[in-house]
Amino acid sequence: PPGLDGIAVAPDGTVYVTALDQKGVARITSPTDLAYIAGGFRGPSDLAFTPDGRIIVANFDSASLVQAGLRPQLPFALDILTLE
């Protein structure tokens, strides 16, 4: 734990990570500390910044593989965070 998986660097140099085991997104505040900025994800595995400063979080989402009628039928989902 926390199972850090994805990493992205904001234009201002701030480093953000996905914490798979905590189902969250965090900002690295020191070599040993994280500040969680969002949680409750299904399985955050990676993240990227958009040109307008939003964060796109890729999640493992196997629900669509189990529920045949669920659309779209993909094993992942995307969430968008807006930093303020």
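Which residues does Val25 touch, not counting residues up to four places away in sequence?

1. Val25 touches Val17, Thr18, Ala35, Tyr36, Ile37, Ala38, Phe41, Leu47, Val57 and Leu81; contact means heavy atoms within 4.5 Å.

2. The model is predicted, so local features need pLDDT of at least 70 and side-chain atom pairs pLDDT 80 or more, while totals for chains, interfaces and linings use all residues. Numbering starts from 1 along each chain as its sequence is written, and side-chain values use heavy atoms, without hydrogens and water.

3. Val25 also belongs to the largest nonpolar core, together with Ala8, Ala10, Tyr16, Ala38, Phe41, Leu47, Ile55, Val57 and Leu81. Such a core is a set of buried Ala, Val, Leu, Ile, Met, Phe, Trp, Tyr and Cys residues joined through side-chain atoms within 4.5 Å. Buried means under 20% relative accessible area, with a 1.4 Å probe and protein chains only. By that criterion, 30% of the 84 residues are buried.

4. Three strands form an open antiparallel sheet in the order S5-S6-S7. Its edge strands, S5 (44-49) and S7 (76-82), each pair on one side only; pairing requires at least two DSSP bridges between two strands. S6 (residues 54-60) and S7 are joined by seven bridges in the antiparallel sense, and Phe60 has Phe76 in S7 as its bridge partner.

Terms used. Buried < 20%, exposed > 50% of the residue type's maximum accessible area, 1.4 Å probe, protein only. Helix = DSSP H or I, 4+ residues; strand = E, 2+ residues; numbered from the N terminus.
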